[in-house]
Amino acid sequence: MADAGREGHGMTGPLSGLRIVEIAGLGPTPFTAMVLADMGAEVVRIERPGNRHLLGLSYDILNRGRGFVALDLKTDDGRGAARRLIARADGLIEGLRPGVMERLGLGPEDFPDNPRLVYGRMTGWGQTGPFAQTAGHDLNYIALSGALHAIGPAERPVPPLNLVGDFGGGAMYLAFGMVCAFLEAARSGRGQVVDAAISDGTAHLMAMIQGMTAGGAWSQAREANILDGAAPFYRCYECREGGFLAVGAIEPKFWAEFLRLAGIDAAAMPPQMDRARWPEAAARVAARIGERTRDDWAAVFTGSDACAVPVLALEEAPAHPHNAARATYVVHDGVVQPAPAPRLSRTPGRIGAGSQSKPLEIGTVLADWGA
């Protein structure tokens with residue numbers, strides 16, 4: 001596993017030269033800042049004095065690669081320092097309820113002398129709408145998008161961690177939106193507000209499923225569709241002595257290869273797309289997969305086009321040969337964590353030298369930023 005302190009040393013990412021202020025938050029807000037920092041942006045986080053992580057984490061990977069300044073935004077001095085910093089920034093990331101930054105005098109209209117400022121706003125419901133001022137979390141936001149309804153067993157929806165909402169529908173859309181705005185500002189000289197709502201982004205992620213629904217190819221019931229665990233060729237099977245095998249053999253040739261390597265007589269199996277007989281086919285496959293251990297099956301399918309791989313636990317993933325070969329995980333600040341992604345050939349991202357726990361002097365940062 002690569003050491004992030006050495007990997008990519010001396011290289012600059014594609015966002016090198018951009019200066020971004022981050023108002024400290026949880027989940028999607030720091031993830032957005034991490035993504036931009038991984039790609040070379042200089043990010044300075046503003047934290048409340050004496051701030052303690054809500055989840056009690058001693059190390060938060062989402063705060064990597066950047067230091068912080070401690071400012072009390074409830075005081076005139078704290079707001080004044082933040083204003084001077086933002087006035088020299090290319091971008092700002094905040095995840096407070098709509099209107100809070102305006103009441104602090106730090107809203108998008110409060111920086112007329114910085115017309116290029118890209119103002120990134122991360123919320124669950126967006127800056128407008130009936131729910132804009134109501135509290136919520138990932139689960140609530142994805143519930144209104146239709147995504148949560150489609151995930152889980154037939155009996156009830158299941159939270160897909162907070163990957164679909166906070167990070168997929170929220171942070172990645174804010175990062176993408178801000179990069180789009182930076183590109184446009186380079187042409188026009190004018191910044192703009194990026195209103196990234198988790199509910200909006202999650203709905204956007206559901207585009208393909210919406211299309212399948214419109215075309216009559218998706219049932220509203222769970223465990224009744226090709227991608228939700230109903231199909232025998234797209235689900236997880238329990239192995240002997242625990243562990244699971246993930247099978248994603250959608251195409252007929254891949255399904256045939258899976259059956260061959262699994263030692264299942266394809267001629268005796270129901271037709272692949274006979275939905276009425278999917279439970280029967282899945283039961284036959286389950287019985288066969290249950291005869292051997294997960295690692296036995298992993299050895300059988302490795303290097304094949306059967307689209308079958310072991311389901312790895314979090315602590316197992318970094319050591320898998322494929323992940324190790326690509327340095328998908330690195331060690332930074334003594335902690336195993338995912339490397340920056342995606343990979344750029346000429347200006348790759350890297351984890352910056354700044355430590356999440358390193359306090360910065362506001363005066364030094366302002367001097368560095370020419371304020």
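In which helix does Gly168 lie? Gly168 is found in helix α5, and several of the views below come back to that helix.

The model shown here is predicted, with local features requiring pLDDT of at least 70 and side-chain atom pairs counted only at pLDDT 80 or more, while totals for chains, interfaces and linings use all residues. Residues are numbered from 1 along each chain as its sequence is written, and side-chain values use heavy atoms, with hydrogens and water left out.

**View 1. Gly168 and its surroundings.** Helices here (H or I, at least four residues) and strands (E, at least two) are DSSP runs, numbered from the N terminus. Leaving aside residues up to four places away in sequence, Gly168 touches Leu163, Tyr173 and Leu205; contact means heavy atoms within 4.5 Å.

**View 2. Helix α5 meets helix α6.** The axes of α5 and α6 (residues 198-205) come within 8 Å and cross at roughly 100 degrees. Axes are lines fitted to C-alpha atoms, for helices over the stretch in contact, and angles run from 0 to 180 degrees between N-to-C directions. The two helices, α5 and α6, are therefore roughly perpendicular to each other; angles under 35 degrees count as roughly parallel, over 145 as roughly antiparallel, 65 to 115 as roughly perpendicular and the rest as oblique. On the α5 side you can find Val164, Gly165, Asp166, Gly168, Gly169, Gly170 and Tyr173, which meet Ile198, Gly201, Thr202, His204 and Leu205 of α6. Sorted by class, this contact of α5 with α6 has 4 nonpolar, 7 polar and 1 charged residues. Ala, Val, Leu, Ile, Met, Phe, Trp, Tyr, Cys and Pro count as nonpolar, Asp, Glu, Lys and Arg as charged, and the others, Gly among them, as polar.

**View 3. Helix α5 packs with helix α1.** Helix α1 (residues 28-38) and helix α5 (residues 163-188) pack at about 45 degrees, with axes 9 Å apart. That angle makes α1 oblique to α5. From α1, the contact uses Pro28, Phe31, Thr32, Val35 and Leu36, and among its partners in α5 are Phe167, Met172 and Val179. By class, the contact of α1 with α5 holds 11 nonpolar, 1 polar and 1 charged residues.

**View 4. Helices α8 and α10.** The axes of α8 (residues 252-262) and α10 (residues 294-301) come within 10 Å, crossing at roughly 120 degrees. The pair α8 and α10 is therefore oblique. Phe258, Leu261 and Ala262 of α8 make the contact with Trp297, Val300 and Phe301 of α10. This contact of α8 with α10 divides into 6 nonpolar, no polar and no charged residues.

**View 5. Two backbone details.** Leu161 sits in the loop between α4 (138-143) and α5. Its phi is near 50 degrees, a positive value in a residue other than glycine. Now move to Pro342, in the loop between β12 (335-338) and α12 (362-368). The peptide bond from Ala341 to Pro342 is cis, with omega near -5 degrees.
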